[in-house]
Amino acid sequence: MTTFYHRYQSKLKSVGLHLLAWLLLYFLDRHYFAPRLVHDNAEVVFRLSLITWLVDISVYYGLGHFVFPRYLYTRRIPYLIGAILLVFQATYLINYYSFQWVQPYSNGYGLAEVSYVEKIWHQFLKPHGLLGCFTHLPTALWSYSWSLFIPTVILFFKGIKDITQYRNRALRLERDKYESDRKQLLLEKNNLALELDFLRSQINPHFLFNTLNSLYVRVVDLDDEAAEIVLKLSDLIRYNLYESNVERITVAKELEFIQNYLLLERARHGQRVEISYTETGDFQQHQIAPLLLISLVENAFKHGASKTRDKAFVRVAAHLEGSTFTFRVENSVSSLSNPAPQKPNSGGVGLVNTRKRLDLLYPGQHQLSLNAGEQMYTAELILQLEQQSPSPLD
């Protein structure tokens with residue numbers, strides 16, 4: 001509202017200044033220039049000064065606000081020349097008929113070359129007809145000086161102002177473009193830095209995989225269990241870094257990742273934590289978002305088995321019937337070491353992110369239930385899965 005008011009106020013001020021300038025010009029023409037040039041009675045002076053004043057206004061706004069912005073500033077020169085010639089012809093015709101019109105009111109009417117009006121009519125206008133501005137140079141020069149000299153002076157200063165404004169606008173656009181290009185270059189630089197960091201991150205996993213392979217070769221003949229742990233750890237890292245970089249993966253692959261994780265947890269906790277895993281269903285034909293289940297399993301160890309000194313348990317079960325996938329994780333809760341049992345909404349950042357991913361990837365197609373009891377915490381996820389698309393070669 002404030003911006004509109006300022007624009008309206010500025011427009012009103014501009015209109016007022018224009019009106020004042022044109023009234024001042026008419027006053028000077030009517031009471032100073034025209035009487036000294038025409039040397040005729042008041043009626044002739046009034047009529048000619050009024051017509052000249054109206055022509056000045058029409059030429060100024062016609063050229064300055066219509067022709068120049070469309071043809072001069074956009075460098076459409078042929079159209080500009082055509083428009084100027086048309087204005088020149090129009091003003092000449094106005095002069096022709098206005099002098100013919102005021103003749104009977106002139107003090108020298110019927111007496112050739114006695115008054116200014118009669119002189120112009122008989123020497124320039126009447127002998128050369130309606131196209132005299134193009135066929136007779138003195139007539140063209142007189143018509144220009146009579147009707148177009150003052151608008152030319154005014155338009156000259158307006159042109160300087162407009163060109164300055166256009167130039168400033170072009171400089172602002174160029175500056176904005178420069179700033180936009182600078183931000184684009186900065187963004188590209190940041191992207192290159194990210195790509196470099198990504199390439200560096202690619203080096204570290206390769207180094208890690210090579211180290212794990214070397215470790216596996218060293219222990220495979222000494223300790224089968226340790227070698228198996230190293231192999232599963234390598235598979236775990238490979239899945240995290242490479243195989244999970246897709247929108248969907250088979251449920252079988254995701255559950256294989258869960259089993260590898262459980263194997264490492266068995267090695268870490270030993271006999272203190274009873275870990276079981278069961279599955280029923282054909283998991284090769286359905287797909288799931290990768291790394292969607294791991295937070296439920298991690299939560300069971302982090303907030304359950306790892307926080308008790310007693311014998312604990314973690315039970316993981318996966319079941320698929322039709323397109324309905326059920327994933328259930330149970331973990332023990334020790335009332336001695338952890339008097340406050342896990343709350344249904346506990347689980348930290350992992351479960352929060354899981355909920356967000358479920359809402360985004362499976363809107364209206366999932367149900368996540370968390371149930372905290374005195375001795376056991378249960379997390380159950382029910383998903384409506386997508387069936388894997390058949391291969392084009394099948």
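## Gln 89 and helix 3

Setting aside neighbours within four places in sequence, Gln 89 touches Leu 130, Leu 131, Cys 133 and Phe 134. Gln 89 sits in helix 3. In this predicted model, Gln 89 has a relative accessible area of 14%. Because the limit for a buried residue is under 20%, Gln 89 counts as buried.

Ile 77 also belongs to helix 3, which covers residues 77-102. With a relative accessible area of 40%, Ile 77 is partly exposed.

## A nonpolar patch on the surface

Ile 77 is one of the residues of a nonpolar surface patch, together with Ile 81, Leu 85, Tyr 97, Leu 130, Leu 131 and Phe 134. Their accessible area together is about 660 Å². Helix 3 supplies the largest share of the patch, four residues. Three members of the patch, Leu 130, Leu 131 and Phe 134, are also among the contacts of Gln 89.

## Two nonpolar cores

In soluble globular proteins, nonpolar side chains tend to be buried together. The largest nonpolar core here contains 44 residues. Within this core, the residues with the most contacts are Leu 255, Ile 288, Phe 301, Phe 325, Phe 327 and Leu 383. Helix 8, made of residues 251-269, contributes the most to the core, with eight residues.

What is Phe 301 in contact with, leaving aside its neighbours within four places in sequence? The list is Tyr 261, Leu 262, Glu 265, His 269, Val 273, Ile 275, Ser 306 and Val 314.

## Gln 287 in strand 3

Gln 287 is part of strand 3, which runs over residues 286-288. Is Gln 287 buried or exposed? Its relative accessibility is 19%, and the limit for buried is under 20%, so Gln 287 counts as buried.

Gln 287 and Ile 249 are 38 residues apart along the chain, and their C-alpha atoms are separated by 5.2 Å. Ile 249 is also in the contact list of Gln 287, which leaves out neighbours within four places in sequence.

## The protein as a whole

The protein has ten helices and eight strands. It consists of 394 residues, of which 36% count as buried. Its accessible surface comes to about 24,800 Å², and 60% of that belongs to carbon and sulfur atoms.

Of the contacts between residues at least 6 apart in sequence, 70% join residues at least 24 apart.

Notes
Residues numbered from 1 in each chain as written. Predicted model: local features only at pLDDT ≥ 70, side-chain atom pairs only at ≥ 80, totals over all residues. Heavy atoms only, no water. Patch = residues over 30% accessible without salt bridge, like charges linked within 9 Å, V, L, I, M, F, W, Y side chains within 5 Å. Areas by Shrake-Rupley, 256 points an atom, 1.4 Å probe, with all protein chains shown as cover. Salt bridge = Lys/Arg side-chain N within 4 Å of Asp/Glu carboxyl O. Helix = DSSP H or I, 4+ residues; strand = E, 2+ residues; numbered from the N terminus. Buried < 20%, exposed > 50% of the residue type's maximum accessible area, 1.4 Å probe, protein only. Contact = heavy atoms within 4.5 Å. Core = buried A, V, L, I, M, F, W, Y, C linked by side-chain atoms within 4.5 Å.
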